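Please keep the sequence and the model in view while reading the points below.

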Amino acid sequence: MAKNLTAILKGRGTLNTVLDIKNLSIEVNTKKSKYNVVEGVNLSIGKKMKYGIVGESGSGKSLTSLAIMNLLPDVLKVSKGSITLNTEKSKELTKLSKREMQKIRGNEISMIFQEPMTALDPLYTIEHQLLEVLKFHTNYSKKEMRELGLDMLNKVGISRGKEIFKSYPHQLSGGMRQRVIIAMALICQPKLLIADEPTTALDVTIQAQILDLMNDLSETHDTSILMITHDLGVILETCERVAVLYAGQVMEETTVEQLFTNPSHPYTQGLLKSIRSLGDHKNTLYSIPGNVPTPAQYENMGCRFSSRCPHAMEICKSKEPSMYTVEKDHTSKCWLHEEEGVAYG
Amino acid sequence: MYAYILRRLLMLIPVLFGVSVVIFFTLRIIPGDVAATILGTDATPEALAQLRKDFGLDLPIYEQYLQWMGGVMTGDFGESMRTGKEILPDISSRFAITFELTMLSAFISWIIAIPLGIIAGIKRNSKTDFGVRVVSLLGVSIPNFALATVLILVLALFFSYSPPVGYVGFFEDPITNLQILFLPALVLGTSMAGAVTRMTRSSILEILRLDFIRTIRAKGAKERVVIFQHALRNAMIPILTIIGMQIGVLLGGTVIIEQIFSLPGLGQLVLTGINQRDFTVVQGSVLFIAFVFVMINLIVDILYSYLDPRITYK
Amino acid sequence: MKEFFQRLVSDKVGLIGFIGILLVIIVAVLAPVIAPYSPDRMFTEHTLEGPSSQFLFGTDELGRDIFSRTVYGAQVSLQVGLIAVGIGATAGLIFGLISGYFQGKVDQVIMRVMDVFFAFPDILLALTIVAVLGPSLTNTMIAIGIVFTPVFTRLVRSAVMSVKENEYLTSAVAIGVQPVKIITRHITPNIMAPFIVQITLALSGAILTEAALSFLGLGVQPPDPSWGVMLNASRTYMEFAPWTILFPVSAIVLTILCFNLLGDSLRDLLDPKLKQ
């Protein structure tokens with residue numbers, strides 16, 4: 001009975017999830033060309049969940065996150081599907097006005113970008129840029145804001161808050177800046193934090209610290225995380241569920257555990273093989289042969305991975321597979337699942 | 001900060017020294033005898049010798065230079081070869097006109113160009129943007145003297161208006177003064193506005209592309225905050241550069257505009273000096289204008305470091 | 001190079017500019033064929049006549065055909081543009097290469113001298129030089145060439161310095177390639193893009209400055225048919241004979257406009273920073 005209820009609730013997708021993306025397509029629309037760069041993406045991020053999207057550059061992972069924030073560049077727009085944010089009320093983000101969206105950004109959904117070196121305005125102090133978020137979304141007094149700000153800096157591991165308040169971005173190291181950016185993102189206690197490659201530009205030693213920090217803070221603040229990365233290692237370290245994006249489509253979606261123990265899609269298998277060969281000195285480094293197709297090539301190519309797939313069959317090149325349920329909580333978009341008895345791995 | 005300004009001032013000394021050398025020596029390599037051109041071909045040898053002696057032209061050239069510079073340092077720019085009048089008082093009274101004209105023109109160009117550039121940059125590829133781009137491109141393609149001539153013609157033909165003759169100082173009669181200067185300043189200002197508009201637009205576009213703008217939007221900032229607090233302030237740095245450069249163009253432009261509108265400014269003094277081969281006047285005025293130009297650039301640089309915390313005073 | 005031209009052609013604005021400049025060049029080269037009369041021929045019976053079938057653009061105060069003078073004016077403008085920019089660009093290229101390549105004291109000296117020239121507003125420097133050399137077509141070109149030298153020097157110098165940072169050059173130096181060879185083989189081709197853009201802009205600047213100097217009576221001397229000279233001469237009569245200024249003004253504005261169109265489009269094509 002209880003199991004039944006959760007299933008029903010999950011089906012509605014309003015109580016247990018923070019964000020539901022249904023059948024999302026993003027379209028490039030210029031005078032010269034018109035095509036989808038992201039197509040039919042479905043994601044559900046549960047409350048307090050840490051969800052990962054993994055994919056190569058050009059897979060559409062960053063565009064998906066920008067679409068959630070409604071910050072897509074001018075030439076791109078959401079052409080189909082819905083993005084629903086479930087906080088006190090459910091809101092359909094693609095239908096909100098500019099004003100309403102501004103109230104959500106930085107307040108209910110925050111975002112951290114890849115490049116900490118250029119993500120801050122060089123002309124304003126850290127104090128201004130941190131407290132600005134509070135100014136946009138709250139009515140606190142100057143004094144309260146300062147206190148909150150210093151407290152937040154403390155939480156992200158910056159103890160000399162008063163000193164840092166007076167500095168300008170160029171005076172801080174990359175790791176420090178990313179801490180400040182995390183503080184900015186979390187100061188309004190958002191329900192969802194989108195982190196787009198938050199550690200890629202940082203030193204390896206600092207990467208782990210920043211990831212730990214995000215993990216800890218999301219737990220204390222009850223914030224869900226959507227981690228966008230090209231690095232399966234980051235996914236393993238931080239996430240619970242993961243979607244593998246390739247050429248604008250979700251290829252496989254499951255728990256992190258299942259993804260690493262039982263990868264079903266040949267693309268995922270290739271990705272895992274390439275990171276596993278890293279630690280293996282006997283073999284040469286594995287990389288998936290071939291190139292990612294460009295969005296202009298997407299149409300009429302059947303499965304988008306077929307050109308690089310070691311298991312490609314006739315049907316793969318002509319017809320796009322649908323999402324198959326491989327096991328509980330595990331879906332994969334591959335023709336191999338159509339037949340029985342295919343050996344994985 | 002003061003140390004920085006002081007150091008920048010010290011750095012100007014070699015530049016200004018170079019300027020003085022260039023002006024002085026180029027004006028001395030003129031073929032022919034200056035005294036003869038002034039006095040005419042039928043002058044007696046005695047009169048020529050006397051004139052040369054009066055202006056120190058009989059001395060070795062480096063001594064002439066030292067004498068001139070020594071004078072300039074103590075505020076004595078020498079006397080006009082034509083009228084024998086002291087040069088500096090003339091320069092400073094005329095500079096007041098040129099300076100007022102330059103500032104008025106700069107002001108006019110800013111109030112036209114900066115808002116237009118911002119609007120065009122924000123509404124990129126819209127009809128407004130297209131319109132602004134066409135107009136500003138025309139603006140940079142119409143020389144100020146052509147604009148002045150056509151404007152005078154149009155006013156005369158269609159409104160039977162001709163620009164007032166004569167000049168009244170600002171402190172004597174501010175209203176008449178502004179009436180006289182309005183048209184010339186409008187011409188200079190609008191002809192400079194094209195370049196400033198283009199620069200403002202491209203600076204805004206460049207800034208809006210930067211990562212931190214996206215961060216600010218992601219923080220939930222209203223578009224007004226994004227544009228006015230962040231994009232514009234960052235764009236001010238390149239805009240300031242073009243403004244500094246344009247002041248030089250304006251100072252040069254005054255030479256032409258003062259001529260067209262018969263304004264007794266410094267530019268006109270240079271021009272008459274050149275036409276009458278009155279080289280003490282030319283070298284004094286040009287040195288003075290170069291000095292002002294260099295000082296304006298210094299002020300721009302100081303504003304720069306005020307706007308941009310990344311620039312240190314060391 | 002071919003691809004570059006294809007892109008230029010696909011950019012309509014740049015193409016308009018390019019065609020416009022081509023037209024000006026054709027008009028200048030074919031001036032004797034296009035112009036119905038000699039630019040100096042005076043029809044004393046027909047002074048200050050409006051446009052007619054005999055005098056397409058009307059006549060000036062001396063009865064000269066304004067159409068013919070405007071056509072020949074294109075020759076003057078282009079000649080000044082090409083030669084003045086040629087002087088400025090060549091000098092700038094030489095100084096900039098020396099300065100950027102050797103750096104050190106040579107660089108210091110050259111750049112300080114350029115700073116001095118930068119301290120003069122352009123037109124004022126040109127005026128002073130013309131005043132010294134005496135007003136004439138040749139001297140106008142020399143003066144404008146000198147005025148443009150510092151811009152080219154700075155441009156080339158900074159381009160050379162950034163190219164020099166590149167590893168392949170360091171290795172070329174390391175294996176002992178002659179400096180002159182390094183400059184001609186490696187550096188020069190790499191700085192062509194910004195250089196070409198600057199040349200286009202300088203061409204319009206030179207034409208403009210010539211017109212301004214001639215307008216002030218310190219450039220090309222009458223009776224030579226410079227647009228600036230024509231404009232200046234007509235100021236006295238323009239109220240009764242607007243055509244006397246209308247055509248030279250249009251010629252100046254359209255020519256400069258075409259150069260600016262081409263310059264803009266070249267800059268967008270060649271500046272990697274603006275490519276998207």
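Predicted model: local features only at pLDDT ≥ 70, side-chain atom pairs only at ≥ 80, totals over all residues.

Two residues are in contact if their C-beta atoms, placed from the backbone, lie within 7 Å. In that sense, 14 residues of domain 1 of chain B are in contact with 13 residues of domain 2 of chain B.

**Chain B as a whole**

- Chain B contains 12 helices and 0 strands, and its pattern along the sequence reads α-α-α-α-α-α-α-α-α-α-α-α.
- Along the principal axes, the C-alpha atoms of chain B fill a box of roughly 85 × 60 × 35 Å.
- Chain B has 314 residues, of which 39% count as buried.
- Among the contacts in chain B with a separation of 6 or more, 72% join residues 24 or more positions apart.

**Annotated regions of chain B**

- An unreviewed UniProt entry gives the annotation "domain: ABC transmembrane type-1" to residues 95-304 of chain B.
- That span, residues 95-304 of chain B, is 84% helix and 0% strand, and its end C-alpha atoms lie 26 Å apart.
- The UniProt annotation "transmembrane region", also from an unreviewed entry, covers residues 9-30, 101-122, 134-158, 178-196, 239-261 and 281-304 of chain B.
- Residues 101-122 of chain B are 100% helix and 0% strand, with end C-alpha atoms 32 Å apart.
- Residues 134-158 of chain B are 92% helix and 0% strand, with end C-alpha atoms 26 Å apart.

**The two domains of chain B**

- The domain assignment divides chain B into domain 1 (2-73) and domain 2 (88-307).
- The C-alpha centres of domain 1 and domain 2 of chain B are 32 Å apart.
- On the side of domain 1 of chain B that touches domain 2 of chain B, H1 and helix H2 (34-39) of chain B each supply at least two residues.
- H1(B) provides the largest share of that side of domain 1, 11 residues.
- By class, the side of domain 1 of chain B that touches domain 2 of chain B has 11 nonpolar, 2 polar and 1 charged residues.

**How the chains meet**

- There are 2 pairs of chains in contact, and chains B and C share the most contacts.
- The contact between chains B and C takes 38 residues from chain B and 33 residues from chain C.
- Six helices of chain B each supply at least two residues of the side that touches chain C: H1 (2-28), H6 (127-141), H7 (144-159), H10 (223-260), H11 (266-275) and H12 (279-307).
- H1(B) gives the most to this side of chain B, with 8 residues.
- The side of chain B that touches chain C consists of 31 nonpolar, 7 polar and no charged residues.
- Chain A and chain C are joined by no contact, and their closest C-alpha atoms lie 12 Å apart.

**Nonpolar cores**

- The largest nonpolar core has 151 residues, and Val270(B), Ala126(C), Leu127(C), Ile144(C), Phe148(C), Ala206(C) and Ala212(C) have the most contacts inside it.
- Helix H4 (residues 66-102) of chain C contributes the largest share of this core, 15 residues.
- This core lies between domain 1 (2-73) and domain 2 (88-307) of chain B, because both give residues to it.
- Leaving aside residues up to four places away in sequence, Leu127(C) touches Val255(B), Val270(B), Ile274(B) and Leu218(C).
- A second, separate core of 86 residues includes Ala185(A), Ile210(A), Ile216(B) and Ala221(B).

**A hairpin in chain A**

- Strand E1 (residues 17-29) and strand E2 (residues 34-46) of chain A pair in the antiparallel sense over 9 bridges.
- E1(A) and E2(A) form a hairpin, with 4 residues between them.
- Asp20(A) has Ser44(A) as its bridge partner in E2(A).

**A loop residue in chain C**

- Arg41(C) lies in the loop between helix H3 (31-34) and H4 of chain C.
- Arg41(C) counts as partly exposed because it has 14 C-beta neighbours inside 10 Å, whereas a buried residue needs 20 or more and an exposed one has 12 or fewer.
- Arg41(C) and Asp224(C) are 183 residues apart in sequence, and their C-alpha atoms are 12 Å apart in space.

Definitions and conventions: Residues numbered from 1 in each chain as written. Chains lettered and ligands numbered in written order. UniProt positions renumbered as here; feature names shortened; annotations may be inferred. Core = buried A, V, L, I, M, F, W, Y, C linked by C-beta atoms within 7 Å. Domains from an automatic or database assignment. Nonpolar A, V, L, I, M, F, W, Y, C, P; charged D, E, K, R; others polar. Pairing = 2+ DSSP bridges.
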